[in-house]
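Hi everyone, thanks for coming.

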Amino acid sequence: MNMWRSGGIPLSALCPKYLHSNSTSHTWPFSAVAELIDNAYDPDVMAKQFWIDWTRIQGFDCLTFQDNGSGMTKSKMHEMLSFGFSDKQAVRGHVPVGMYGNGFKSSSMRLGKDAIVFSKIRDTMSVGLLSQSYLENIQAKHVVVPIVTIGHDGQSPVEDAASLQDILKHSPFNTAEELLTELRAITSINSTGTRIIIWNLRRGANGETEFDLSTDRYDIRIPEDACETHKNQKVTQSVPEIIYSLRAYCSILYLKPRMQIIIRGQKVKTQLISKSLALTRKDQYKPVFLKERIPITFGYNIKSKNHYGMMMYHKNRLIKAFERVGCQCKGGYRGVGVIGVIECNFLQPTHNKQNFDDTDEYRKIMGNLAVKLEEYWDEIQYKRKNCSVPTEDTVKAPDQNWVQCDDCLKWRRLPDGINCDLLPDKWFCRMNPDPQYRSCQVDEEPEHSENEQQCDPKPFKKQKKMIKMQEKKDQQQMSAPVLPLPATPLSDSEQWGPAEGAPAGLSSESFTHPSCSGHNLPNDTMLMDCEDHVSTSLKRKINSNMQQKKTKLMSAPESHLPATPLSGSEWRSFTHPSFSGDILPHDTMLMDCEDHVSTSPERVKQVPQETVGVSPINTKMGLPTSSVHQRIPAFMQKTIQPEKTQWKSMPSLPVMHSASAQTYKNKEMGKVLEGNGPQSPMLKVQQQPGGLQDTHKEQVNQLQQELGEVKRTCEHLQVMEIKLQRRLKDMEIENSSLSCQCEQLNIFHEESCRKLRNLRQRIGRLLVTIVPTLDLEEINLDSDVMDKILDKVLNEVTEV
């Protein structure tokens, strides 16, 4: 080979050992198989079927891969057997998976040391050889790929004679007729296509191939003792089936399969992974570095709750399967059984297409997937809050049933209630129960309707947000400062404000209620309106109003009654201290002092309309007059009790407007005032240092502190209860997991003991031929006696 080009500049050489080095990127054999499937799936080949089989040729165990695609010419085959050639383009929305021009070389050399390729296109058939054994035998310094073109008559051009000779010498096919037989196998299926045969398969330390071909005659599997090390995954209870079963892996290899895969003569039941879940919900992810939103589908695995995580695709091809994020990595019950499906075309996959490059974009999407998963879990639990059985433990069916036609390969949606597992092996559009899609000529039903493309509503998230906003609002109200009230009582006009157009002085007909925004109310309905106002006022401003009420009540003037008898006009406008300026007639005042609760319409009607009034402090506080007595502490009620008797014994004064009536009022009032002299218990309480204000403030503050401590204790207990419940569930799940592991270990231990006993029995039969005096019936095979005998015999044989 000429290593120099014109001008004396050396060409880069490719050592044959690179074929093996390049294949080590596939640590998992199924990823190598997937590369070969991708080559047939891509739009430059557009195969409808792809066959995978195992056979024996000339005593070699061989894997065969065949498609009915467009085939390759000799030049195209040369590019495929070379490195870095990739000019694939999208066709009608079908985006190619391959991008590096390295898939066939790395995958074929990962499965075996040698590969031969047969391809047919129109009237031309080509054969190419990529073989490490061939390069070793000829002691090549560079990678050499023999390629030959063969006609239908079995003849090849003269310039291909050397290539043909090497192929016949270093492959399982020793004659040109045998090569034609393999080419005719392609013709029998379709007029074009490609067939790949790989031999000298990789073997383990025991000399067996890395594939298990005997457990399932229609599958190619990886032994269970080798599948657990795939991708360094931590195996908890069981390994997903796609890790050790090629059939299961191929069923979800593509987000929307467009090609049938037949493994060892039986078709793979491919599925739309996003349509095969239960309790599905749509969500969206909007990366900051992209303009469009990325759809995400969440749902429950209907087969096994132990297999869950994110299914991440790239250009319709599965890259990462069952990748756990967020709460699924914490070992609790949250996220168990949930599968998320997303197509990440904006990320860059690694060369073996089993992972993504660790970039900022990748880390951001993994963090957002964790958040979306948490939201989905909360929404499902909120929707099923009345169900006693955990969602992951219930028997579930997929939300939708889709099946692929074996003729046109179009996907059809079946009506609900049809079990896809009961469908025949070959299903066609003419068997569709829906007459609208009963022909292969009809376009495929849209996978996503307009409603499905939108993000599903999140009632739990909305409710949680509203609760947080309400809590924040309540905290702001609680922390808002209370404005101080004036130290001196306000005048009548300042407290009440006469109604617009009212005459000087207050009248009940034009009285303006403070809480009614200036509406004029009749005198006989005012008190009842104040009573009705209580409930609405407390509901709207219970925190701020209560504080204002207490402050207003505590700031009442200390002087209760005038020291000298009042005239009739003065008595009519007298301001009772406990009502902060309430203007009451003499008979209404006596009734209030009598029981503090008489606000019935009958008692009010006995008073002339021009003298009826309402306590301003009570209406401002949203409380009727009857509630004032109820708010007085118990020790004050006992103190006021003697005074109630005196007020009660006083005769009711008639309403008069003459001078004699006024004199009668003054005399009677003088008697009352004399009874409330300096020795009156009521005045004694008021004259004590600090008065009622300090005592009431201390009690209110103490009650507030106690209430706050009780609230904090209740909140702490609620949080502890939630934590304990979660811990209990986690322990139950952990207990079930440990029980399962314990059972598996017991089974493994019993199986190991059985195998060890059989092995010792066979060793004993072998040792009898060396030591005839050895009696096997006297040896306990469950002990290590046979091991000691074997060591002794081996030492003696070694010495000899």
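Let's start with a pair of strands: β11 and β13, the latter spanning residues 338-343, run parallel and are linked by 5 bridges. Before I go further, please keep in mind that this is a predicted model. Within that pairing, Tyr313 has Glu343 of β13 as its bridge partner.

β11 also has a partner in β12, residues 317-323, and here the two strands are antiparallel, with 4 bridges between them. Tyr313 turns up again, this time opposite Leu318 in β12.

Now for another part of the protein. There is an open sheet of 8 strands with mixed pairing, and its order reads β5-β4-β3-β6-β2-β1-β7-β8. Which strands stand at the edges? They are β5, residues 147-150, and β8, residues 266-267; each has a single partner strand, so one side of each is left without a neighbour in the sheet.

At the β5 end, β4 (residues 124-131) runs antiparallel to β5, and 4 bridges join the two.

Helix α4, residues 103-111, touches β2, β3, β4 and β6, and its direction makes about 130 degrees with that of β3. Helix α2, residues 29-41, lies across β1, β2, β6 and β7, running at about 130 degrees to β1.

One side chain I'd like to point out is Gln400, in the loop between α11 and β14. Is Gln400 buried or exposed? Its relative accessibility is 12%, below the 20% cut-off, so Gln400 counts as buried. Its side chain makes a polar contact of 3.5 Å with the side chain of Lys275.

Finally, let's zoom out to the whole protein. We have 25 helices and 17 strands, and buried residues make up 42% of the 800 residues. Of the contacts with a separation of 6 or more, 63% are between residues 24 or more positions apart. The accessible surface comes to about 45,000 Å², with 53% of it belonging to carbon and sulfur atoms.

That's my tour, and I'm happy to take questions!

Methods
Residues numbered from 1 in each chain as written. Predicted model: local features only at pLDDT ≥ 70, side-chain atom pairs only at ≥ 80, totals over all residues. Heavy atoms only, no water. Pairing = 2+ DSSP bridges. Contact = heavy atoms within 4.5 Å. Axes fitted to C-alpha atoms, helices over the stretch in contact; angles between N-to-C directions. Buried < 20%, exposed > 50% of the residue type's maximum accessible area, 1.4 Å probe, protein only. Polar contact = N/O pair within 3.5 Å; in protein donor to acceptor, adjacent residues only side chain to side chain. Areas by Shrake-Rupley, 256 points an atom, 1.4 Å probe, with all protein chains shown as cover.
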